[in-house]
Amino acid sequence: MQAPQDAKVAMGKGMDTKFLVETPIASQLHVETLTFHGLYARVQGLIDRSIYPKPSGIERWSTRIAVIAAIVGIVSGLWLVHWVPVSILLPITVTCLLVEIGGFAVNGVLSVLRQYQQYLQPRLSHAKEMDSEFAQWRALVGELQRFPKIEREQRLRFATALRAGMVDRMGLLYGGLQRLGPFPLIVALFVQYQAWKKGGWAGVFDVGLAGGILIFFIALLYVAAWRLISQRTRLDAYINLLEASLQEHSPPDL
C-alpha cells in the first residue's frame with residue numbers, strides 16, 4: 001500500500017523540481033525593462049544613422065590638426081612674444097597658419113565630396129532622408145511596443161509632467177528665448193559695437209569690471225538656455241515615441 005503513495009510523492013517531487021528548473025528560464029524573457037536610459041540609447045542610435053557616408057578619418061583629423069595649429073599659433077603669437085625672440089616665433093606662427101588653412105581646406109573638400117548630392121538635389125535628398133528616418137522610427141516604435149503597456153503609460157505620464165515643469169521654469173527665466181533664436185545676442189552685440197569706429201577696438205572692449213561680469217553672465221545664461229532647449233527637444237522625442245507606441249496596435253501584454 002505504501003508503493004503508490006511513495007510513487008505519488010516521488011512524482012510530486014519530480015514535478016516540483018521540474019517547475020523550479022523551468023521558472024527562471026521563463027522569467028528571463030522579461031528581464032529587460034523599459035528605462036529612459038535605454039530609450040536614450042535607442043534615440044541616439046536613430047540620430048546617428050544617416051543615408052550619407054560618415055566622415056572619414058582623414059576628414060576628422062584634418063579638423064583636429066587645424067584647430068591645434070590655430071591654438072599653437074595664437075599662443076605663440078600673443079603670449080610667448082615676451083619671452084621668445086620674434087625671429088623664432090615668426091616661422092612657427094606662419095607654419096601654424098599654413099597648417100590651419102590646409103587642414104580646414106582638406107576638411108571642406110572632403111565634406112563637399114561626401115555630401116554633394118544633397119546640395120545638388122536638396123529636395124530629393126530630403127525626401128530620401130525622411131523615408132530612412134521614418135523606417136527607423138517605425139522600427140523603434142515597434143520595439144517599444146514589446147514592452148508592457150502599463151510601463152509605457154507610466155513613463156509617458158512622467159515625461160509629460162517633466163516637460164510641463166521644464167517649460168514653466170524656462171519661461172520664468174528666459175521667456176520666449178526659443179522663439180527669438182539668436183536675436184537677443186545680436187541686439188547685445190549691436191549695442192556694444194554701435195560706437196565702434198575704424199581703429200577704435202580699444203574703446204569697444206573698454207567695458208569695466210562690472211560690464212565684463214554682466215556680459216559674462218549674459219553669455220553664460222544664453223548658452224545654458226540653448227542646452228536646456230536641446231534637452232527639452234530630446235524629451236519631446238521620448239514623448240512622441242511613447243505616444244506612438246500606445247496609439248498604434250500593439251500585441252496584448254502577457
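Is phenylalanine 36 buried, exposed or partly exposed, and what is its relative accessible area? In this predicted model, phenylalanine 36 is partly exposed, and its relative accessible area comes to 27%.

A pair of aromatic rings is described by the distance of the centres and the angle of the planes. Three aromatic pairs are counted in the model. In one of them, phenylalanine 36 is paired with phenylalanine 158 in a tilted arrangement, with 5.9 Å from centre to centre and 45° between the planes. Taken together, Phe36, Phe158 and Tyr238 make up one aromatic cluster.

Helix α2 (residues 36-48) also takes part in a helix-helix contact, in which its axis and that of helix α5 (residues 122-144) come within 10 Å and cross at roughly 165°. Two packed helices are described by the angle between their axes and the distance between the axes. Helices α2 and α5 are therefore roughly antiparallel to each other, because an angle over 145 degrees is placed in that class. The crossing of these two helices is right-handed. On the α2 side the contact is formed by Leu39, Arg42, Val43 and Leu46, which meet Glu133, Gln136, Trp137, Leu140, Glu143 and Leu144 of α5. The residues of this contact divide into six that are nonpolar, one that is polar and three that are charged.

A further site concerns glycine 73, which is found in helix α3 (residues 57-78). Glycine 73 is buried, with a relative accessible area of 11%. When residues up to four places away in sequence are not counted, glycine 73 touches Thr93 and Cys96. The C-alpha atom of glycine 73 is separated by 8.2 Å from that of threonine 95, a residue that lies 22 residues apart from glycine 73 along the chain.

Note on methods:
Residues numbered from 1 in each chain as written. Predicted model: local features only at pLDDT ≥ 70, side-chain atom pairs only at ≥ 80, totals over all residues. Heavy atoms only, no water. Axes fitted to C-alpha atoms, helices over the stretch in contact; angles between N-to-C directions. Helix = DSSP H or I, 4+ residues; strand = E, 2+ residues; numbered from the N terminus. Parallel < 35°, antiparallel > 145°, perpendicular 65-115°, else oblique. Left-handed = near helix turned anticlockwise from the far one by under 90°. Contact = heavy atoms within 4.5 Å. Nonpolar A, V, L, I, M, F, W, Y, C, P; charged D, E, K, R; others polar. Phe/Tyr/Trp six-rings, centres within 6.5 Å; stacked < 30°, edge-to-face > 60°. Buried < 20%, exposed > 50% of the residue type's maximum accessible area, 1.4 Å probe, protein only.
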